[in-house]
Amino acid sequence: MIKKFNKRQLLDQCGFTAEEARVILDYQKKLPILVENDEVDGFCVNARDLWEQLDRPQGKFADWTKRKLVAKKTKGGIITFQEKKDYIGFSQNCEKLSGGRPTHEYSLTIDCAKNLSMMENTDNGALCRQYFILMEKL
């Protein structure tokens with residue numbers, strides 16, 4: 001289930017400001033990826049779509065997920081994100097003219113997506129993070 005909101009709902013029913021409504025309306029077009037997932041509590045975000053909205057930081061998607069999501073540890077050796085708590089991985093067949101190998105994809109919780117956005121430390125990262133914060137309020 002994907003939930004989309006219109007400006008009137010955001011302003012009148014939810015009590016958002018015009019600026020907050022604009023952020024939600026703009027980003028729900030760019031990130032139409034909040035879906036319910038039985039395996040992870042709450043709504044999930046497609047990691048590849050988030051990566052694209054963050055302007056494809058630092059190379060390939062697979063490298064980014066390994067660096068930021070899967071193998072992310074703090075200086076103290078603590079794992080930042082946990083599979084089946086913060087994200088789930090799955091294989092998806094890639095449809096290309098020459099055939100395609102399965103790609104590894106991820107669904108993220110909103111908290112995980114918000115943290116990844118913040119870790120990018122860019123304007124787009126800040127906007128994505130603000131979007132997820134507003135979606136949590138809804």
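This is a predicted model: local features need pLDDT of at least 70, side-chain atom pairs count only at pLDDT 80 or more; totals for chains, interfaces and linings use all residues.
Residues are numbered from 1 along each chain as its sequence is written, and side-chain values use heavy atoms, with hydrogens and water left out.

**Entry on salt bridges**

I searched the whole structure for salt bridges and found 5, taking as a salt bridge a side-chain nitrogen of Lys or Arg within 4 Å of a carboxyl oxygen of Asp or Glu.

I followed Glu-105 to its partner and saw that its side chain meets that of Arg-48 in a salt bridge, at 2.9 Å from N to O. This pair links distant parts of the chain, since Glu-105 sits in strand β4 (residues 102-109) and Arg-48 in helix α3 (residues 47-53), 57 residues apart; helices (H or I, at least four residues) and strands (E, at least two) are DSSP runs, numbered from the N terminus. Arg-48 is partly exposed, with a relative accessible area of 24%.

I then turned to Arg-8, which forms a salt bridge with Asp-12, the closest N and O atoms lying 3.1 Å apart. Because Arg-8 and Asp-12 are 4 residues apart in helix α1 (residues 7-13), about one helical turn separates them. Arg-8 is exposed, at a relative accessible area of 52%.

I also checked Glu-19, whose salt bridge with Arg-22 brings the closest N and O atoms to 2.5 Å. Both residues lie in helix α2 (residues 18-30), 3 residues apart, which is about one turn of the helix. Glu-19 is partly exposed at 47% relative accessible area, and Arg-22 also counts as partly exposed, at 39%.

**Entry on helix packing**

I looked up how helix α4 (residues 61-70) packs with helix α5 (residues 110-120), and found an angle of about 110° with the axes 11 Å apart. That angle makes α4 roughly perpendicular to α5, the term for 65 to 115 degrees, whereas under 35 is roughly parallel, over 145 roughly antiparallel and the rest oblique.

I listed the contact, meaning heavy atoms within 4.5 Å: Trp-64, Lys-68 and Leu-69 in α4 meet Cys-112, Leu-116, Met-119 and Glu-120 in α5.

Methods
Axes are lines fitted to C-alpha atoms, for helices over the stretch in contact, and angles run from 0 to 180 degrees between N-to-C directions. Buried means under 20% relative accessible area, exposed over 50%, partly exposed in between (1.4 Å probe, protein chains only).
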